[in-house]
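Student: I'm new to this one. Could you show me how to read it, one feature at a time?

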Amino acid sequence: MTLMQSIPGPARSIAPQTPQRIAIVTDAWHPQMNGVVRTLTTTCEQLREDGHEVMVVSPDQFASIPCPTYPEIRLAFTRPGAVASLLRSFAPEAIHIATEGPLGMTARRYCARHSICFTTAYHTQFPDYLAKRTRLPAQWFWRYIQWFHRPAKRVLVATESISDELRAHGLTRLHRWSRGVDLSCFTPDAPPPPEFADLPKPIQLYVGRVAVEKNIEAFLEGSYPGSKVVVGDGPSLASLKARFPEALFLGRRSGRELAGCYAGADVFVFPSKTDTFGLVMIEALACGTPVAAHAVPGPRDIVTDRVGALGDDLDRAIGAALFCDRDDCAAYGASFSWAAATGQFLSGLVAFDSEELPAA
């Protein structure tokens, strides 16, 4: 059974070739720097280039407070009817609720109350993420995920492994939405940073948020010879620097500088077990760098034997990945297109007639 065949009843998809008015509600937005924000901003850019009108409802439009333990995320507080008012003013033909936070909750409540069609996306393994931070059972948080996504006409999902997991929790209206790479930026010829010049080989690289849920300790505690490099920022940065002084922490990098970090590394190490995709993996591959990761959802949907290695032992995966051909990695990474991914996003949306949306 395909993802599209799993949707019961009629659902009118957005036609990719026809300009549409699309509202996206998200709790993840700038100035946050993570895969969800990069996915949403790039998708919005691609949609606008293709002639669609896009309105983003995000925390920067409201009063907000820092999320406990994750201060870069702002938790928005909205007055009654504020989100509904924005939606009514824009009069979208499709509403996509990207996240399960306060803004997503407000938009979900509004749509469900008035029987307005909407879609959602499952970007983050929140049950596992919250279980790590609270030490409570992940199953407790799955109840919220099931409740939140159940009314959606479609839940957009990045990989088949995550689709299987959602089906096991009773969510079956699923639609594939993959990810892409900016191939004008992430290329094998990106110049490596000067800090790499004298590092012992092989250079083993991690890129991403520096936080407990990313399992970076599993990488830094490894014994594979060479150099370990961490690119990124987050609440665990100071403690990891203190615990692992032999590692090189470069802080946040972006654009061509980030591409140079990928291209200059010998292997990209992805220790996370809580990501639904792992955008950084395909960026590394596009730069010609093989990937070593755990055999969990996300990596096992992306990494093949030709471009990396998976396993419970990251040291062994690193050793195996180093034998991969970098030209094969670059070719495989280049196959991930944002244009194709945005087409999947569009075909997953559900259109409705919105001449006048109801009040909150």
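This is a predicted model: local features need pLDDT of at least 70, side-chain atom pairs count only at pLDDT 80 or more; totals for chains, interfaces and linings use all residues.

Student: Which residues does threonine 39 touch, not counting residues up to four places away in sequence?

Tutor: Threonine 39 touches His123, Trp177, Arg179, Leu279 and Trp338, with residues up to four places away left out.

Student: And where does threonine 39 lie?

Tutor: Look in helix α1, which covers residues 35-49.

Student: Is threonine 39 buried or exposed?

Tutor: The general idea is that buried means under 20% relative accessible area. Threonine 39 has 2%, so it counts as buried.

Student: What about lysine 273, how accessible is that one?

Tutor: Between the 20% and 50% cut-offs, we say partly exposed. Lysine 273 comes in at 44%, so partly exposed is the label. You'll find lysine 273 in the loop between β12 (267-270) and α10 (279-286).

Student: Which residues is lysine 273 in contact with, leaving aside neighbours within four places in sequence?

Tutor: Those are Asn215, His294 and Val296.

Student: Now helix α6, please. Which residues are buried there?

Tutor: In α6, residues 160-168, the buried ones are Ser161, Ile162, Ser163 and Leu166.

Student: And what follows α6?

Tutor: Glycine 170 follows α6, and the phi of glycine 170 is positive, near 90°.

How values were computed: Residues are numbered from 1 along each chain as its sequence is written. Side-chain values use heavy atoms; hydrogens and water are left out. Helices (H or I, at least four residues) and strands (E, at least two) are DSSP runs, numbered from the N terminus. Buried means under 20% relative accessible area, exposed over 50%, partly exposed in between (1.4 Å probe, protein chains only). Contact means heavy atoms within 4.5 Å.
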